[in-house]
Amino acid sequence: MPVQQQVDKIVLTHPKGSSAEILLYGATVISWKSGSVPNPQPVERLFVSSKAALDGSKPVRGGIPVVFPCFGAPTHPEHLKLGQHGFARSETWTFNSIVMDNEAGVSVKLTLEPKASITERYERPFHLAYVVTLAEHQISTDLHVQNTALSTTPPLEFQALFHNYIRAPASEVSITPLEGISYYDKTETSEELRSKPKTEQRATVDVKKFTDSVYEDAPGIYEVASPTNKVEIKTKSFKDVVVWNPQAEAGSKIGDMEAGGWEKYVCVEPGYVRGFVKLEAGQTWIGQQVLTAKL
Ligand SMILES: O=P(O)(O)OC[C@H]1O[C@H](O)[C@H](O)[C@@H](O)[C@@H]1O
């Protein structure tokens, strides 16, 4: 069966051999196994910590967590009761439907609407739909945000981001093309330095040291390359991208990170995180990424 509905997750299987697993908790993609043109045998492309909780007790340390409506600690007045990265990654979504099931792609839709656990911390009405589509060498994730409020209310203001943990040796991985793009360095020691933009000088960005960089107005198409995995990330409506690897310096302090886990991945996270999307009542915004296995 190309779409298998289990108690806690949806498993997608493509007729050409690729597969994906989506946890209903957080709509988190926790596995994407894909071959590529040069290497047709499917292999795991995402990193999930062996210490990650998959039982809904906390956001998943790995895969593709969905960040909404705030990135990092909340700054918007409507988000102040929310935790880091908002609520989308820590709520259980509903399996809505199979969108497509053929050789071109196997696609499902999950949804999230206001419920008590959300409305006690966040008052704005919204409808989220998340469409995950698996193709032979690709997975795409589309987040549809609808402002379901009455037309007299002010726009819905939010941030959104896909927190991709791409499996790759951190000592060898490079991310391109970010040269010349301005970024905010969250590893800096003071708020003053963290809020001062720097300009990326490197033709290829690496994560050999603790890295937490928010690139603003980035190209929207990236290559994450290492000797064992190469993934292209093509995005729509996400003007920013975050590159994060904690290395031992910060990684050893993360409770659900396996020992040395930071050596096995890089997070390359397309998002709209500098400023806010402003969505008028009745309107829908779509943020999208397509990940393509290239090696
Ligand atoms: O530990 P989490 O809440 O999952 O956040 C993990 C990381 O997410 C992003 O990459 C942020 O830029 C980092 O500052 C943060 O440490």
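# Chat about a predicted model: sites, ligand shell and core

Me: Let's start with Arg-89. Buried or exposed?
Reply: Arg-89 is buried, with 22 other C-beta atoms within 10 Å. Keep in mind that this is a predicted model.

Me: OK. Where does Arg-89 lie?
Reply: In the loop between β6 and β7 (94-101).

Me: And what does Arg-89 touch, not counting residues up to four places away in sequence?
Reply: Gly-26, Thr-28, Pro-59, Pro-65, Val-66 and Val-67.

Me: Which residues does UniProt put under "binding site"?
Reply: The record, an unreviewed entry, has that feature at Arg-61, Gln-84 and Arg-89. They are spread over 29 residues of sequence, yet they cluster in space, with a largest C-alpha distance of 13.6 Å.

Me: Where is Arg-61 found, then?
Reply: Arg-61 is in the loop between β5 (43-44) and β6 (66-67). Leaving aside neighbours within four places in sequence, its contacts are Ser-49, Lys-51, Ala-52, Asp-256 and Met-257.

Me: Why does Arg-61 count as buried?
Reply: Because it has 21 C-beta neighbours inside 10 Å, and the cut-off for buried is 20 or more.

Me: Switching topic. What does the "active site" annotation cover?
Reply: His-163 and Glu-269, again going by an unreviewed UniProt entry. The two are spread over 107 residues of sequence but cluster in space, the largest C-alpha distance being 4.8 Å.

Me: What's the place of His-163?
Reply: His-163 is in the loop between β11 (156-162) and β12 (165-167). It is buried, with 24 other C-beta atoms within 10 Å.

Me: And where is Glu-269 found?
Reply: Glu-269 is in strand β20, residues 265-279. Glu-269 is buried too, with 25 other C-beta atoms within 10 Å.

Me: What is His-163 in contact with, leaving aside its neighbours within four places in sequence?
Reply: Ile-64, Pro-65, Val-67, Cys-267 and Glu-269. Glu-269, with residues up to four places away not counted, touches His-163 along with Leu-161, Phe-162, Asn-164, Val-241, Val-242 and Trp-244.

Me: Now the ligand. Which residues are around it?
Reply: Pro-59, Gly-72, Gln-84, His-85, Lys-186, Asp-212, Val-242, Trp-244, Cys-267 and Glu-269.

Me: Which strands each supply at least two residues of the shell?
Reply: β19 (240-245) and β20.

Me: What about His-85, anything to say about its phi?
Reply: Phi of His-85 is near 65°, a positive value in a residue other than glycine. Most residues other than glycine have a negative phi. His-85 lies in the loop between β6 and β7 and is buried, with 22 other C-beta atoms within 10 Å.

Me: And what is phi like at Ala-27?
Reply: Positive there as well, near 50°. Ala-27 is in the loop between β3 and β4 (28-34), and with 29 C-beta neighbours inside 10 Å it counts as buried.

Me: Cis peptide bonds: what does one join to Pro-69?
Reply: Phe-68, with omega about -5°. Pro-69 is in the loop between β6 and β7. Another cis bond joins Thr-176 and Pro-177, with omega about -10°, and Pro-177 is in the loop between β13 (174-176) and β14 (182-185).

Me: On to the core. How many residues are in the largest nonpolar one?
Reply: It has 76 residues, and those with the most contacts inside it are Tyr-130, Ile-166, Val-224, Val-243, Val-266 and Val-268. β20 gives the largest share, 7 residues.

Me: What is Val-243 in contact with, leaving aside neighbours within four places in sequence?
Reply: Ile-175, Val-205, Val-207, Thr-211, Ser-213, Val-266 and Val-268.

Me: Last one: what is the strand order in the open sheet of 5 strands?
Reply: β1-β2-β3-β4-β5, with antiparallel pairing. β1 (3-5) and β5 are the edge strands, each pairing on one side only. Inside that sheet, β2 (residues 9-13) and β3 (residues 19-23) pair over 5 bridges, and Thr-13 has Ser-19 in β3 as its bridge partner.

Notes:
Residues are numbered from 1 along each chain as its sequence is written. This is a predicted model: local features need pLDDT of at least 70, side-chain atom pairs count only at pLDDT 80 or more; totals for chains, interfaces and linings use all residues. UniProt positions are given in the numbering used here, feature names are shortened, and annotations may be inferred rather than shown by experiment. Helices (H or I, at least four residues) and strands (E, at least two) are DSSP runs, numbered from the N terminus. A residue is buried if 20 or more other C-beta atoms lie within 10 Å of its own, exposed if 12 or fewer, and partly exposed in between; C-beta atoms are placed from the backbone. Two residues are in contact if their C-beta atoms, placed from the backbone, lie within 7 Å. A residue is near a molecule or strand if its C-beta atom, placed from the backbone, lies within 6 Å of it. Two strands pair if DSSP finds at least two bridges between them. A nonpolar core is a set of buried Ala, Val, Leu, Ile, Met, Phe, Trp, Tyr and Cys residues joined through C-beta atoms within 7 Å.
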